[in-house]
Amino acid sequence: MRTVLRRLRRRLRRRGIGLLHVYVGLLLLFLFLPLAVLVLFSFSASGQLRFPITGLALRWYQEVFSSSAVIDGILASLGVAAVTGAVVATVGTLAAVAVNRYRFRGSAVVAGMILAPAALPGLVIGIALLNFFGDIHLTLSLLTVMIGHVIYTLPYFYLVLSARLRRFDPMLEEVATDMGAGPLQRFRRVTAPLIAPAIVASAFVVLALSWDEFQITFFTIGDQSTLPLVIWSRARLSIDPSVNAIGTLMVAGSLLVVIFTRRFIAESYS
Amino acid sequence: MTETGAPMAGLSSSGVAMPAAGTEQRVAVRLAAVTKRFSTQIALHPLDLTVSEGEFVTLLGPSGCGKTTLLRIIAGLEWPDDGTVSIFGTDVTDRPANKRPVNLVFQRVTLFPHLTVAENIAFGPSLRRMKKRQVSEKVLAALELVRMPGFGDRRVTELSGGQAQRVALARAIANDPKVLLLDEPLSALDLEIRRQLQAELKDIHRRLGLTFVYVTHDQEEAMSMSDRVVVMSDGRIEQAGSPVEIYRHPRSPFVARFLGMSNVFEATVVAVADGWLELDGGSLALRAPAPAPLPAAGGRVTVVIRPDSFDVAPLKAGENAAGDVVGEVSDVRFIGSLVHYLVTVPGRKWQVSTRAGSADVLAEGTRVSLSWRDEEVIVMKPG
Amino acid sequence: MGIGQGVLTATRRQQTPAPARRRWALLLLLPLGVAISLGFVVPLALLFVKSFETSLGYGQVSGHLTFSSYVTALTSPLYRTVAVNAFEIGGIGTVLTLVLSFPLAYFIRFRLRRGQHTVLLLIMISLFAGYIVKIYAWATILGTYGVINTALQDIGLIRHPLSVLLFSKIAVLIVVTYLSIPVSTLILVGAMQNVDRSLLENARDLGAGGLRAVTSVLVPLSMTGIVASLAYGFVVISGDYITPQLVGGTTGQMIGVPISDQFLSVGDQPLGSALSFLMLAVFVIVYLVLTRLERFKGV
């Protein structure tokens with residue numbers, strides 16, 4: 001037995017495949033197994049979530065697309081994500097630039113405060129906000145959801161943008177000054193074009209996080225639902241295979257988005 | 001009569017930009033009592049420096065001597081704590097870098113990564129809102145000057161190190177500076193490319209007649225390219241002069257050692273007569289031309305004999321020296337065109353360089369006699 | 001050039017005067033400060049106050065302040081069980097996640113050249129496939145008629161489906177670990193970016209075998225990432241209140257569930273708040289322990 005394994009190992013190693021490769025392969029398989037199951041069952045004709053699959057059908061997709069609840073959920077999620085993205089990008093960029101460029105006492109404290117929400121589970125942020133909105137008599141709605149999302153995603157935006165800002169070469173601005181550019185020209189022609197891709201990439205992180213957010217949204221939602229909540233209500237009540245269809249669509253959606261925006265997410269000018 | 005210093009419309013290749021004998025050269029850069037402190041350290045002691053129009057001046061020194069700081073002060077990227085900077089007679093001490101008619105070529109590649117080669121070069125002119133056609137003419141002329149025609153549309157990330165520095169040079173020149181500053185632009189490049197660019201830089205300097213202020217720690221580079229070399233150490237100017245002058249008459253042990261002459265030793269003045277000094281160097285007696293001011297008899301002086309001042313002759317066993325000193329070869333380094341010997345003589349070890357030529361390279365342990373011309377012994381003040 | 005003149009010019013020109021710089025920075029930070037205080041600090045403070053109120057049921061409270069909620073939270077065996085559950089699963093889960101993701105992160109950072117980007121993007125996609133959806137998918141896999149059971153039965157290893165797979169502590173552990181691996185991997189890869197490849201090669205050159213090189217060089221140098229991954233994993237897993245509800249059954253319940261219940265249905269909000277802050281207290285302790293770990297092993 002041992003010699004068989006050894007011979008197999010040698011043959012694999014000659015092809016450059018070691019133990020690590022095998023492990024990584026298995027782990028990636030593990031990561032995508034549930035997604036594969038998801039996709040598979042979304043095409044299952046029967047309503048049972050069991051093996052073996054009896055027939056293939058698109059009925060769950062038909063059901064999903066004709067459901068106004070799902071459509072509304074998607075729109076709500078998109079809207080919330082977009083607004084959250086805009087707000088966080090604005091506030092977060094100012095903050096990241098402030099900490100990155102200006103050395104002032106307490107910059108570490110500021111950074112700590114920005115990152116604090118990431119240190120708590122969504123549960124606590126959610127109930128704190130719910131309580132807060134109750135105290136100030138603010139009706140729960142998509143607005144309150146957005147507030148929660150902004151608090152939640154701000155630390156991540158800041159983290160990603162700060163990391164990218166650190167790779168910005170300050171000498172480039174010196175060169176611009178040396179060439180005769182005044183502060184405004186320098187910002188417009190050198191600083192801004194170089195920072196912009198970093199901001200966009202960080203904003204994408206925010207969009208993705210907001211789109212998928214559930215644990216805080218659960219407490220801050222009013223009458224309208226975002227997509228994750230729609231899924232929850234279906235999954236909670238009964239075994240609902242349409243969840244699989246929605247899930248598959250979400251995977252497909254994120255895949256498409258990632259493909260189209262690869263250029264921005266990639267480290268430009270590395 | 002030359003046209004050096006005038007802003008360039010296109011980039012014409014004028015003739016040699018040396019001023020005719022007797023014409024007054026304008027002062028391009030004047031630094032007076034410039035001082036710089038970085039928190040507790042003094043980067044620059046009060047120093048004065050004058051650069052003439054059309055000169056190629058090099059600030060030479062080891063890392064940390066302040067040469068880059070000085071250059072950046074001229075550029076306007078650092079502010080001196082004291083002193084003034086004037087460019088062609090105008091006091092620019094209070095002006096920020098973007099308002100000074102000088103441009104800096106940085107040590108690292110600092111091309112704008114989001115712009116093409118042509119856009120990089122056009123950056124300065126485009127800030128001044130020149131007409132598009134004028135700008136592109138400038139860009140083309142600059143690319144021709146640095147021998148990279150046709151590279152205009154390339155992305156900056158595709159360039160090699162040498163190419164990138166050429167574009168940086170073109171970018172600086174296209175901005176029509178009155179003085180061009182260069183901060184060790186070649187230090188990151190391979191030897192061959194470095195040599196090539198050194199020659200091209202010299203050529204560009206000659207063609208444009210532009211004032212160059214260059215910074216480097218490579219003494220060969222400094223000596224080969226400059227009209228004048230300013231040797232710096234610890235924030236002070238040790239010596240300034242033409243390469244020949246500095247090499248033949250180093251005025252301090254630091255300068256001597258930095259230029260590669262490590263045969264530095266102390267001697268006592270035995271006698272002074274007729275412009276000559278008789279010296280006692282411990283185990284060695286020598287003569288040397290007397291410097292001004294004359295040292296007193298009995299005083300200590302520092303002496304330097306350049307490695308290339310020696311004649312080396314191998315001695316057969318038992319043979320005695322016809323020349324001055326007998327020693328033994330303790331190290332041999334064959335560089336190709338030169339051979340460096342380390343010769344142990346009574347009391348010290350001397351570095352000796354000779355042309356390899358067709359003579360045999362001496363082996364370690366060979367007994368040799370060293371001789372030199374008394375005129376070549378350099379006497380400096382001690383310290 | 002007189003000394004007086006020198007002093008005058010020196011004071012006249014400063015690069016960018018330091019006080020003005022600080023003023024700019026503070027101005028830029030203002031919106032952030034407002035957002036964080038209103039959206040985070042104030043709500044948390046109010047919640048903390050709430051934990052001392054007396055509950056009148058159905059979400060109502062009286063102004064009377066007391067420690068009773070904390071007493072209930074700490075003494076009730078029910079809450080103790082689920083709390084212990086939560087921290088147990090949190091602890092095991094985060095360590096398991098770290099152990100599983102570390103080799104993957106190492107592989108991505110040091111073994112892939114051109115593929116790095118693709119794999120990272122794939123991982124990000126798996127992240128955004130939908131939180132609930134993924135838990136749901138696992139319920140399908142682990143269920144009585146799910147992939148594992150039918151496969152094992154078909155092979156013949158078992159005769160009756162294993163019911164322990166779903167609706168159990170194990171199920172929760174599997175799912176939360178699964179959910180944490182992508183983020184952990186990203187954190188670790190990020191930390192490893194700062195480790196120079198040549199350091200590992202150097203270690204190998206000096207005689208450390210492959211694994212030894214990794215543990216003695218990579219682990220200390222990526223300690224910040226390791227600590228971040230452990231801390232983040234512990235917090236997120238312990239505070240998860242959805243996974244236990246979907247796959248936890250009776251044995252796999254965690255503290256997040258009763259906390260969320262207080263605010264949704266039961267209405268004893270002071271108790272919910274008290275439980276939350278006790279949970280946060282545990283988190284703080286864990287953070288302190290982990291940062292001590294970082295200093296101990298790290299650079």
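Two strands are taken to pair if DSSP finds at least two bridges between them. Helices (H or I, at least four residues) and strands (E, at least two) are DSSP runs, numbered from the N terminus. The model is predicted: local features need pLDDT of at least 70, side-chain atom pairs count only at pLDDT 80 or more, and totals for chains, interfaces and linings use all residues. Residues are numbered from 1 along each chain as its sequence is written, and chains are lettered from A and ligands numbered from 1 in the order in which they are written.

In chain B, an open sheet is formed by five strands in the order β13-β12-β11-β14-β20, with antiparallel pairing. Its edge strands, each of which pairs on one side only, are β13 (285-289) and β20 (377-380) of chain B. On average, neighbouring strands of this sheet are turned by 45° against each other, direction ignored. Four bridges join strand β14 (residues 300-305) of chain B to β20(B) in the antiparallel sense. Within β20(B), B:V377 is the residue opposite B:I305.

In chain C, helix α5 (residues 116-127) packs against helix α8 (residues 169-192) at an angle of about 145°, and their axes are 9 Å apart. Axes are lines fitted to C-alpha atoms, for helices over the stretch in contact, and angles run from 0 to 180 degrees between N-to-C directions. Residues are in contact if their C-beta atoms, placed from the backbone, lie within 7 Å. The contact involves C:L120, C:I123, C:S126 and C:L127 of α5(C), together with C:P182, C:V183, C:T185, C:L186 and C:V189 of α8(C). By class, seven of these residues are nonpolar, two are polar and none is charged. Ala, Val, Leu, Ile, Met, Phe, Trp, Tyr, Cys and Pro count as nonpolar, Asp, Glu, Lys and Arg as charged, and the others, Gly among them, as polar.

Between chains A and C, 62 residues of chain A are in contact with 58 residues of chain C. Helices of chain A that each supply at least two residues to the side touching chain C include α4 (68-101), α9 (183-212) and α2 (19-42). The largest share of that side, eleven residues, comes from α2(A). By class, the side of chain A that touches chain C has 54 nonpolar, five polar and three charged residues.

The predictor gives the complex an ipTM of 0.85 and a pTM of 0.78. For chain C, the average pLDDT (the predictor's confidence in each residue, from 0 to 100) is 82, and 89% of the residues score at least 70. Over residues 1-17 of chain C, pLDDT stays under 50, and the model has 14 contacts beyond four places in sequence for this stretch.

Terms used
Two residues are in contact if their C-beta atoms, placed from the backbone, lie within 7 Å.
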